[in-house]
Every structure is written in C-alpha cells, then in structure tokens.
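Here's a quick briefing to read alongside the model. Have the sequence and the coordinates open as you go.

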Amino acid sequence: MAEPSSARRPVPLIESELYFLIARYLSAGPCRRAAQVSLLPKRLDWEGNEHNRSYEELVLSNKHVAPDHLLQICQRIGPMLDKEIPPSISRVTSLLGAGRQSLLRTAKGTLI
C-alpha cells in the first residue's frame, strides 16, 4: 500500500540528484521507459517555493550531464579509492565487491 503523499519524507538533494543521474543513464539504454518515473529534484523560485520539474527541464538545465555521467562517476570511484586504501586484489574493481574489494571499505575495515 502506498503512503499518502502528505506522509512522504522530503527527499534530500543528493538523493534526488542521484535519481536524476540514474534516469539520465537509463534514457540512453534499453530501459528508456524507466527513466520517465518522476523522483526528480524540485526547483526553488526566488521566494523559496518548490516547484516540480519535468525530466526534460532538468536535462536542459544540466547540459553538462551526459547520459553516461553516472557510469563515469562509478568508473572513477574505484581507482581513486584504490590509491587511498588498496584492495586485496589489485586491478579488480566492482561496484558489488565485498570486504577489502568493497567500494565502501575504510582504512579500519568495511562498512558492509
């Protein structure tokens, strides 16, 4: 059962931006229809009021974000982390890694 719209929690900006990047990524692949789900960040007017934006409006206001922007971010995270906290097996990068191969690893251990 869906929650009433008045009971929904506000979506943090970073989370709504992630939804946009996912939708942008999906728009160029075989899941184009999935990109049409509206979980996008709202815009603020000069008085601080929130307004819904369409996917197309968001794409136009973020022309620097290519459809593979999220993929590029994911491809860069592993090598950057490997320099700071070496994995147990070098040159093996996976978004789904566990333990010392996890992208969520820390110098003290892993978060997951």
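Is Arg105 buried or exposed? Arg105 turns out to be buried, at a relative accessible area of 4% (buried is under 20%, exposed over 50%, partly exposed in between, with a 1.4 Å probe and protein chains only). Bear in mind that this is a predicted model, where local features need pLDDT of at least 70, side-chain atom pairs count only at pLDDT 80 or more, and totals for chains, interfaces and linings use all residues. Residues are numbered from 1 along each chain as its sequence is written, and side-chain values use heavy atoms, with hydrogens and water left out.

**Overall layout**
- The chain has 3 helices and 4 strands, taken as DSSP runs numbered from the N terminus (H or I, at least four residues, for helices; E, at least two, for strands).
- Going along the sequence, the pattern reads α-β-β-α-α-β-β.
- Of the chain's 112 residues, 19% count as buried.
- Take the contacts (heavy atoms within 4.5 Å) between residues at least 6 apart in sequence: 33% of them join residues at least 24 apart.

**The salt bridge**
- Searching the whole structure turns up 1 salt bridge (a side-chain nitrogen of Lys or Arg within 4 Å of a carboxyl oxygen of Asp or Glu).
- Arg105 pairs with Asp82 in a salt bridge, and their closest N and O atoms are 2.5 Å apart.
- Arg105 sits in strand S3 and Asp82 in helix H3, so the pair ties together parts 23 residues apart in sequence.

- With 16 residues at 1.5 Å a residue, H3 should span 22 Å, and its end C-alpha atoms are 23 Å apart, which agrees (the expected span is 1.5 Å times one less than the number of residues).
- Leu70, Gly78 and Leu81 are buried in H3.
- Ser102 belongs to the loop between helix H3 (69-84) and strand S3 (105-106).
- Ser102 also counts as buried, at 4% relative accessibility, and its side chain reaches the backbone nitrogen of Leu104 at 2.9 Å.

- Leaving aside residues up to four places away in sequence, Leu58 touches Phe20, Leu40, Pro41 and Arg53.

Terms used: A polar contact is a pair of N or O atoms within 3.5 Å; within protein, one must be able to donate a hydrogen and the other to accept it, and residues adjacent in sequence count only if both atoms are side-chain atoms.
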